[in-house]
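Please keep the sequence and the structure in view while reading.

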Amino acid sequence: MAFPPAALVALHLLLLPSRSFSFSEDEACLSNLHRSMEDPTNSLHNWTSSTFSSSCNNGQLSFLQGITCNNGRIYKLSLPNLSLSGSISPFISNCTNLQSLDLSSNSLTGPIPPELSLLLNLAILNLSSNLLSGFIPPQLALCAYLNVIDLHSNLLTGPIPDQLGLLVRLSAFDVSNNRLQGPIPSLLSNRSGTALPRFNASSFTGNRGLYGFPLPPLRNRGLSVLAIVGIGLGSGLLSLVLSFTAVCIWLRVTEKENMMPGEDGKISHLMPDY
């Protein structure tokens with residue numbers, strides 16, 4: 001069935017806003033991210049308000065630092081080791097076509113935005129070697145295509161969300177060297193139907209509060225040398241104090257007996273039994 005020319009024009013105009021809206025989403029993503037970060041080395045010198053709207057005009061290549069495009073949308077955002085500080089803007093979720101996000105080896109602070117869960121196409125998330133704090137957002141489990149989660153060497157606290165174990169595509173996971181606590185989720189520690197770990201101990205080491213397979217049980221981790229020396233010194237000091245107190249009591253009793261010879265035997269039960 002043929003459409004009249006007027007209908008085709010109307011259909012074309014109807015489709016235009018959605019495409020331009022996609023461009024404006026990427027523009028909002030970049031502008032807010034740039035605003036939330038500090039760039040002391042001026043690595044992002046061409047990230048300006050006049051360039052955000054045309055960041056993907058040249059197909060897959062982009063003239064903006066760290067950006068790779070696909071079909072006119074931001075596909076990959078990679079800004080590792082640029083001495084960036086500040087925080088990660090939650091508006092990064094506006095880059096709805098993003099499949100790879102790498103902000104590793106910078107000095108970013110603050111929490112991991114839960115809004116990252118809106119990046120439904122995200123496959124690689126690398127925020128390692130920063131100063132990020134707070135909890136790992138359980139909402140990341142909504143990014144069903146995640147293959148890599150690398151959050152090692154940050155200041156993250158709290159437990160590892162059980163929900164992350166539901167990411168069946170996850171092939172690389174690293175939360176080592178943080179301040180995490182609690183048990184390691186079983187779906188991250190065991191492969192279904194096998195005795196092999198899904199992720200080995202190196203994915204979790206460096207978190208004093210974490211426990212459970214594949215890490216050694218807490219009771220087998222042992223005491224540090226300083227703790228052992230401290231316990232030994234404390235026990236020795238306590239024994240010395242108790243012995244000294246007992247001797248003082250014995251001398252006081254003996255002195256009293258010498259002064260009151262008629263009271264023999266009445267306080268002999270206070271003598272220490274050596």
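## Aromatic pairs

Both tryptophan 47 and phenylalanine 52 are buried, where buried means under 20% relative accessible area, exposed means over 50%, and partly exposed lies in between (1.4 Å probe, protein chains only). The structure, which is a predicted model, holds three aromatic pairs. Rings of Phe, Tyr and Trp (its six-membered ring) pair if their centres lie within 6.5 Å; planes under 30 degrees apart count as stacked, over 60 as edge-to-face, and the rest as tilted. Tryptophan 47 and phenylalanine 52 form one of these pairs, which is edge-to-face, with 6.1 Å from centre to centre and 85° between the planes.

In another pair, the ring centres of phenylalanine 173 and phenylalanine 199 are 5.7 Å apart and the planes stand at 45°, so this pair is tilted. Phenylalanine 173 lies in strand β11 (residues 172–174) and phenylalanine 199 in the loop between α3 and β13, so the pair ties together parts that are 26 residues apart in sequence. Phenylalanine 173 and phenylalanine 199 are both buried. Together with Phe204, Phe173 and Phe199 form one aromatic cluster.

## Basis of the description

Residues are numbered from 1 along each chain as its sequence is written, and side-chain values use heavy atoms, with hydrogens and water left out. As this is a predicted model, local features need pLDDT of at least 70 and side-chain atom pairs count only at pLDDT 80 or more, while totals for chains, interfaces and linings use all residues. Helices (H or I, at least four residues) and strands (E, at least two) are DSSP runs, numbered from the N terminus.

## Disulfides

How many disulfides does a search of the whole structure find? The search finds two, a disulfide being a pair of cysteine sulfur atoms within 2.5 Å. One of them joins cysteine 29 to cysteine 95, with 2.0 Å from S to S. The torsion about this S-S bond of cysteine 29 and cysteine 95 is about -100°, so the disulfide is left-handed. Cysteine 29 lies in helix α1 (residues 5–36) and cysteine 95 in the loop between β4 (85–86) and β5 (100–102), so the bond ties together parts that are 66 residues apart in sequence. Cysteine 29 is buried, at a relative accessible area of 0%, and cysteine 95 is buried, at 0%.

Cysteine 56 and cysteine 69 also form a disulfide, with their sulfur atoms 1.9 Å apart. The torsion about the S-S bond of cysteine 56 and cysteine 69 is about -75°, so this disulfide is left-handed. The pair links distant parts of the chain, 13 residues apart: cysteine 56 is in the loop between α2 (49–52) and β2 (67–70), and cysteine 69 is in strand β2. Cysteine 56 and cysteine 69 are buried. When the bonded cysteines of the protein chain are numbered in sequence order, the pairing is 1-4, 2-3. As for cysteine 143, this residue is buried, with a relative accessible area of 0%.

## Salt bridges

Side chains of opposite charge can pair when their charged atoms come close. The structure holds two salt bridges, a salt bridge being a side-chain nitrogen of Lys or Arg within 4 Å of a carboxyl oxygen of Asp or Glu. In one of them, the side chains of glutamate 25 and arginine 73 meet at 3.8 Å, N to O. Glutamate 25 lies in helix α1 and arginine 73 in strand β3, so the pair ties together parts that are 48 residues apart in sequence. Glutamate 25 and arginine 73 are buried.

Arginine 73 also meets aspartate 26 in a salt bridge, at 2.8 Å, N to O. This pair links distant parts of the chain, with arginine 73 in strand β3 and aspartate 26 in helix α1, 47 residues apart. Aspartate 26 is buried, as is arginine 73.

## Two glycines

Glycine 72 is found in the loop between β2 and β3 (73–78). This glycine 72 is buried, with a relative accessible area of 11%. Its C-alpha atom is separated by 9.8 Å from that of serine 62, ten residues apart along the chain.

Is glycine 206 buried or partly exposed? Glycine 206 counts as partly exposed, at 39% relative accessibility, and lies in the loop between α3 (186–189) and β13 (209–211). Glycine 206 and asparagine 177 are 29 residues apart in sequence and 4.1 Å apart in space, C-alpha to C-alpha. Not counting residues up to four places away in sequence, glycine 206 touches Asn177 and Asn178, contact meaning heavy atoms within 4.5 Å.
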